[in-house]
Amino acid sequence: MKQRRNQVESLVIEAEFWRGRRIFLTGHTGFKGGWLSMLLNVMGARVFGLALAPEHRDGVFVASEVEKNIDHHIGDIRDFNCVSNAMQEARPEIVIHMAAQPLVRLSYAEPVETYATNVMGTVHVLEAIRRCPSVRAAVVVTSDKSYENDGRIQGYRETDPVGGHDPYSNSKGCAELVTSAYRRSFFYRAGDAAIASVRAGNVIGGGDWARNRLIPDAIRAFSSGETLRIRFPAAVRPWQHVFDPIVGYLRLAEHLVRHGQTFASGWNFGPASDGHVPVRQVVERLAHHWGEPVSWAVDGSEQPHEAGHLQLDCAKARDQLGWQPSVNFEEAIMLTIDWYRAAARGTARRTVALQQIDWLFERHRAMALQEAGA
Ligand SMILES: NC(=O)c1ccc[n+]([C@@H]2O[C@H](COP(=O)([O-])OP(=O)(O)OC[C@H]3O[C@@H](n4cnc5c(N)ncnc54)[C@H](O)[C@@H]3O)[C@@H](O)[C@H]2O)c1
């Protein structure tokens with residue numbers, strides 16, 4: 001019995017590991033950062049966030065009142081002194097760098113700002129870590145789009161070259177190269193901070209209001225009774241619920257702290273095979289779960305280039321970290337719609353978010369029991 005319980009505990013999110021740990025998180029006012037801040041907070045970690053002011057009053061950060069429970073700093077990662085001073089003050093053990101300009105279409109309109117934030121911002125965070133002896137581990141968040149897309153159907157592996165066609169994807173490829181250079185130049189000895197980079201897919205979930213992203217566009221159109229216009233209906237993307245990559249980042253950070261340089265490399269955290277579906281299918285399932293008649297149409301106007309097919313091979317995370325997706329595609333759509341629906345009904349969004357985090361813990365417990373043969 002004791003042995004089984006140990007096996008179970010080794011498979012679930014290790015809440016105990018995070019209790020009291022000091023985490024420096026950039027991008028905490030955004031969609032993924034807001035959810036990660038909440039999850040860390042629930043597990044008892046001390047979160048120091050550095051980001052620009054939240055853009056959306058209905059986004060996760062503001063709507064779920066994340067600010068009340070973390071150490072919240074507004075600052076710009078394009079300013080090295082701002083990053084370094086904030087990190088010195090926080091004295092973190094773990095750094096998770098998520099702040100970025102994350103939108104492909106905006107990167108066509110604002111390439112200089114995109115590179116400044118995504119590339120030099122990453123340099124600043126890594127340089128600040130170099131000067132902050134408390135840091136033992138860091139996770140740099142890039143993207144599935146950082147791979148050089150050669151049109152293949154098979155999933156990209158961590159050993160494939162980075163590249164990127166558009167300024168956003170390319171800036172994330174550059175952030176990968178910067179991370180690799182810093183690791184090889186400054187963080188390679190046994191006692192150095194262990195630095196990893198992570199590439200997730202198209203992340204969905206409640207509380208995302210970014211422009212020109214499928215889910216927020218769909219929610220805005222469905223709620224106002226307008227026709228949703230979709231740009232690349234046949235484009236296949238790795239769709240996943242926000243819980244899965246952020247749990248992956250945390251699992252990796254645990255391994256970096258415990259085992260150091262062995263885990264200091266690039267990692268994919270994509271969905272299971274059911275999550276690799278075309279845009280059209282996502283819209284159909286969203287429309288189905290919305291529960292009221294909605295309309296959508298293909299936007300036939302000329303569009304800037306976006307990759308036609310993108311899939312991640314996540315065998316490395318599965319085999320070496322014991323990580324696997326815990327939310328299937330249909331559940332990801334349902335959790336997402338539930339959040340927006342509950343918010344529209346007036347349910348406190350913090351309550352909805354905490355209920356969904358409870359659901360996540362329950363799911364991980366069930367997976368662990370199943371794995372242990374219960
Ligand atoms: N959402 C996705 O589908 C997805 C997929 C792959 C990778 N990513 C990556 O995950 C990370 C988080 O994405 P998100 O969807 O939460 O984006 P988001 O736009 O919701 O949040 C971005 C965060 O970065 C901060 N930020 C932007 N510019 C900054 C600057 N100059 N200085 C300080 N902070 C700044 C914002 O204030 C915000 O907190 C990004 O690195 C993104 O590239 C996201």
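Sorted by class, the shell around the ligand comprises twelve nonpolar, ten polar and five charged residues, where Ala, Val, Leu, Ile, Met, Phe, Trp, Tyr, Cys and Pro are taken as nonpolar, Asp, Glu, Lys and Arg as charged, and the others, Gly among them, as polar. The model is predicted, and for that reason local features need pLDDT of at least 70 and side-chain atom pairs count only at pLDDT 80 or more, whereas totals for chains, interfaces and linings use all residues. Residues are numbered from 1 along each chain as its sequence is written, and side-chain values use heavy atoms, with hydrogens and water left out.

The ligand is surrounded by 27 residues, the closest being Thr29, Lys32, Met98, Tyr168 and Lys172; a residue is near a molecule if one of its heavy atoms lies within 4 Å of it. Several pairs of N or O atoms fall within the 3.5 Å that defines a polar contact. An N or O atom in the side chain of Tyr168 is 2.7 Å from an oxygen atom of the ligand, and an N or O atom in the side chain of Lys172 is 2.8 Å from an oxygen atom of the ligand. A backbone N or O atom of Gly27 lies 3.2 Å from an oxygen atom of the ligand. Two or more residues of the shell come from each of α3 (31–42), α8 (167–186) and β7 (202–204), helices being DSSP runs of H or I with at least four residues and strands runs of E with at least two, numbered from the N terminus.

Helix α14 (residues 349–371) contains 23 residues and spans 33 Å from its first C-alpha to its last, close to the 33 Å expected at 1.5 Å a residue, a value given by 1.5 Å times one less than the number of residues. Its buried residues (under 20% relative accessible area, against over 50% for exposed and in between for partly exposed, with a 1.4 Å probe and protein chains only) include Arg350, Gln356, Phe361 and His364. Just after α14, Gly373 takes a positive phi of about 80°.

Most residues other than glycine have a negative phi. Glu65, although not a glycine, has a positive phi of about 55°; Glu65 lies in the loop between α4 (60–63) and β3 (71–74) and counts as partly exposed because its relative accessibility is 34%. Asn212, likewise not a glycine, has a positive phi of about 60°, is found in the loop between β7 and α9 (214–224), and is partly exposed, with a relative accessible area of 38%.

Key. Polar contact = N/O pair within 3.5 Å; in protein donor to acceptor, adjacent residues only side chain to side chain.
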